[in-house]
Amino acid sequence: MHPPNRSARPSGRTRLRRFLSILSAAVVAIGVSAAISAPADAASTLGASAAERGGRYFGAAVAAGRLGDSTYVNILNREFNSVTAENEMKWSSTEPQRGSFNYTSANRIVNHALGQGMKIRGHALLWHQQQPGWAQGLSGSDLRNAAINHVTQVATYFRGKIDSWDVVNEAFADGGSGGRRDSNLQRTGNDWIEAAFRAADAADPGAKLCYNDYNTDGINAKSTGIYNMVRDFKARGVPIDCVGFQSHLGGSISGDYQANLQRFADLGVDVQITELDVAQGSNQANIYATVTRACLAVSRCNGITVWGIRDSDSWRTGENPLLFDASGNKKAAYTSTLNALNGGSTNPTPTPTPTSGGPIDTNAWYVLVNRTSGKALDVYGLSTA
Ligand code: XIL
């Protein structure tokens with residue numbers, strides 16, 4: 001594209017006015033086309049699109065037992081650039097007998113992910129559920145020592161392979177108390193969570209260490225209790241890097257979902273959407289898009305993980321809460337999520353300004369750019385004479 005011959009152009013403000021009217025017409029056209037569909041050069045898979053948005057990931061919970069299903073694996077490899085083991089890294093799976101560790105199922109997922117260049121979220125080192133029977137029968141310092149040893153052993157074993165670990169899962173109570181949930185781990189002392197984070201940090205200093213929970217999808221008593229813990233950890237130097245928001249959602253989403261992510265980010269931790277699934281219903285596609293836009297709007301939101309691939313893979317039997325139907329076809333929720341990732345209907349109409357800072361420079365060429373695709377449309381010169 002060659003700049004026009006400046007001497008042949010109309011001069012002064014006429015030219016500027018004409019430029020601005022061309023620009024606003026173009027902006028209107030861009031706004032309309034962007035609202036209808038994503039730009040032609042937009043990424044066509046969830047993972048690739050998320051990667052283009054600040055190096056974010058788009059992941060799925062994976063079950064080792066499904067890795068022999070070619071439909072499942074094809075979607076996984078095509079669409080996702082991060083995995084979480086749905087059950088295979090939990091305490092009952094990795095330490096079925098005290099001091100005897102088994103990583104066979106976890107490694108099927110880890111090796112698949114590494115072979116595909118995917119990130120791995122580790123899930124979860126300590127949780128009140130899915131504990132092995134032997135741990136359920138312990139208490140006091142015996143349980144505390146066993147729990148910390150578990151954290152150390154598992155985090156050491158996977159050192160260097162895990163992007164982010166859910167060090168502690170679901171330790172806060174539901175309802176209005178904002179306090180801790182009662183559990184055998186909680187009864188070992190209120191400092192069990194920080195002890196777990198310190199042990200994980202010593203074992204794998206390169207992994208991001210997350211606290212993960214549900215019913216935290218907005219500013220409420222539970223999320224505020226967690227917020228206060230994270231603020232306290234940061235103030236006292238307890239090594240916490242991220243907070244996971246499971247986001248198992250029903251037919252609506254809290255209006256302050258994004259604001260809640262942002263208030264945690266403002267504490268100096270990353271945030272991640274870790275187990276997203278949304279009950280099927282008229283709002284499903286919108287809710288997926290809303291969550292996606294919220295993550296993109298928070299610079300410290302690293303990525304989104306959906307809790308399964310096809311509806312038939314979901315733990316929420318009968319709710320069809322995922323992005324692919326039982327046959328592996330893309331649902332409307334898939335399309336709305338990909339469009340949101342691609343910024344298709346999310347960019348506000350750009351304000352037509354001929355410069356991005358400072359007065360008009362009559363010696364400069366101005367490039368008219370489609371702000372959605374980044375493509376140059378034309379080149380203009382301006383003069384004030
Ligand atoms: C679920 C799995 O999806 C099921 O297969 C299993 O039977 C129970 O656990 N919060 C979590 C996840 O942190 O580990 C849970 O996963 C879903 C709720």
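**Reading the model**

Mentor: Start with accessibility: S141 counts as exposed, at 56% relative accessibility. The classes are buried, under 20% relative accessible area, exposed, over 50%, and partly exposed in between, with a 1.4 Å probe and protein chains only. S141 is found in helix α7; helices (H or I, at least four residues) and strands (E, at least two) are DSSP runs, numbered from the N terminus.

Trainee: What should I know about the model itself?

Mentor: This is a predicted model, in which local features need pLDDT of at least 70 and side-chain atom pairs count only at pLDDT 80 or more, while totals for chains, interfaces and linings use all residues. Residues are numbered from 1 along each chain as its sequence is written, and side-chain values use heavy atoms, with hydrogens and water left out.

Trainee: Is Y157 buried, partly exposed or exposed?

Mentor: Y157 counts as partly exposed because its relative accessibility is 39%. Y157 lies in helix α7, residues 140–157. Its C-alpha atom is 9.0 Å from that of Y103, which is 54 residues away along the chain.

Trainee: And A294, buried or exposed?

Mentor: A294 is buried, with a relative accessible area of 3%, and lies in helix α11, residues 284–297. The C-alpha atoms of A294 and Q258 are 4.9 Å apart, although 36 residues separate the two along the chain.

Trainee: How do I read backbone angles?

Mentor: Most residues other than glycine have a negative phi, and most peptide bonds are trans. In this model, E170 has a positive phi of about 60 degrees and is not a glycine. E170 is in the loop between β4 (164–169) and α8 (192–203), and is buried at 8% relative accessible area. S247, also not a glycine, has a positive phi of about 65 degrees. S247 lies in the loop between β6 (242–245) and β7 (248–249) and is buried, at 0% relative accessibility.

Trainee: Which peptide bond is cis, with omega near -10 degrees?

Mentor: The bond from H123 to A124. A124 is found in strand β3, residues 119–127.

Trainee: Which residues come nearest the ligand?

Mentor: A residue is near a molecule if one of its heavy atoms lies within 4 Å of it. Of the 13 residues around the ligand, E86, K90, H123, N169 and E275 come nearest. The shell divides into three nonpolar, six polar and four charged residues. Here Ala, Val, Leu, Ile, Met, Phe, Trp, Tyr, Cys and Pro count as nonpolar, Asp, Glu, Lys and Arg as charged, and the others, Gly among them, as polar.

Trainee: What about polar atoms facing the ligand?

Mentor: An N or O atom in the side chain of E275 is 2.8 Å from an oxygen atom of the ligand. For W307, a polar side-chain atom lies 2.9 Å from a ligand oxygen atom, and for Q246 one lies 3.3 Å from a ligand nitrogen atom. The protein covers 79% of the 420 Å² of accessible area that the ligand has on its own, by the Shrake-Rupley method with a 1.4 Å probe.

Technical notes. Polar contact = N/O pair within 3.5 Å; in protein donor to acceptor, adjacent residues only side chain to side chain.
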